[in-house]
Amino acid sequence: MPLDAYRINTEPYYEPQDTEIDIFTAAYSERLPVMLKGPTGCGKTRFVEHMAWRLGKPLITVAAHEDMTAADLAGRYLLEPSGTVWHDGPLTQAARHGGICYLDEIVEARQDTTVVIHPLTDARRILPLEKHNEIVPAHADFQLTISYNPGYQSAVKDLKESTKQRFIAIDFGYPPPSTESTIIARESGADSDLATLLVRIAERSRNLQGHGLDEGASTRMLIHTGRMVRAGLPLAAAVRAGIVLPITDNPDIRAALTDAIAACVP
Ligand SMILES: Nc1ncnc2c1ncn2[C@@H]1O[C@H](COP(=O)(O)OP(=O)(O)OP(=O)(O)O)[C@@H](O)[C@H]1O
Ligand SMILES: [Mg+2]
């Protein structure tokens, strides 16, 4: 099987926040494209890995970036000793052989790149490869999922209306406190007291969102901080290195955050 290397054989741990599993399952059963929206480190990538495992489909992940071209997604001819040989790009591989293609941080790509997904994400379900003179009909198992962080949106970096309106959307946020502390304990090995404290610390940082911070501490940051404590660092040093310093360079906001955190540490 061509995409065997992309199959996920062991269950990626995922703690549901809401009804996202049902929504994705329904969308996949209709082969509708899905957009995962939410701040950094809140579980979007883990969720799509979990869903690919649950549905038993290969997962091909592509990190979008500014310099990405349509050829990086669709494919190109490469010069080899035997001559020029066509190589399918990741999007074409998923469309041709059947799998979930996950385009991470889609808004990073230029709009002229993003439009290559259009014929695959409407009723046509085809991928025209102009350079290869081929039209690839999407495999029955093909589905496209994209992620983006609405916080980073700007007028220049947003999806075209015609791209947005092709997708089913799922909003991700930070999980409810008890779920988040379960995740932190499980992923970092922190005990439940430490995990609960880290969630309280995160709440303080999230209160500063829009008041100096673009985003509060992510679940990922809390896991890293928990791991630093597990590795032997005192809590205050781990919180400073794991949360306060990475999240902002502004001395005043660092001080405000440090004070807010100190107030919730017993
Ligand atoms: N609901 C969840 N269940 C299990 N683990 C989770 C969950 N949410 C977050 N995590 C943990 O948080 C980490 C960060 O999540 P993930 O990498 O999925 O974030 P993301 O939303 O894709 O972030 P980014 O936008 O920066 O790519 C994961 O590696 C995982 O350990
Ligand atoms: Mg991610």
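Q: In what order do the five strands of the open sheet come?
A: Strands of a sheet pair through backbone hydrogen bonds, either parallel or antiparallel. In this predicted model, local features need pLDDT of at least 70, side-chain atom pairs count only at pLDDT 80 or more, and totals for chains, interfaces and linings use all residues. Residues are numbered from 1 along each chain as its sequence is written, while chains are lettered from A and ligands numbered from 1 in the order written. Here the order is β2-β5-β8-β1-β9, with parallel pairing. Strands (E, at least two residues) and helices (H or I, at least four) are DSSP runs numbered from the N terminus, and two strands pair if DSSP finds at least two bridges between them.

Q: Which strands stand at the edges?
A: β2 (59-63) and β9 (168-171) do; each has a single partner strand, so one side of each is left without a neighbour in the sheet.

Q: How many bridges join β1 and β8?
A: Four, in the parallel sense, between residues 34-37 and residues 143-148. Look for methionine 35, opposite isoleucine 146 in β8.

Q: Which residues come nearest to ligand 1?
A: A residue counts as near if its C-beta atom, placed from the backbone, lies within 6 Å of the molecule or strand. Of 19 residues around ligand 1, Thr40, Gly43, Lys44, Thr45 and Arg46 come nearest. The elements giving two or more residues to this shell are α2 (44-55), α7 (177-188) and α9 (219-230).
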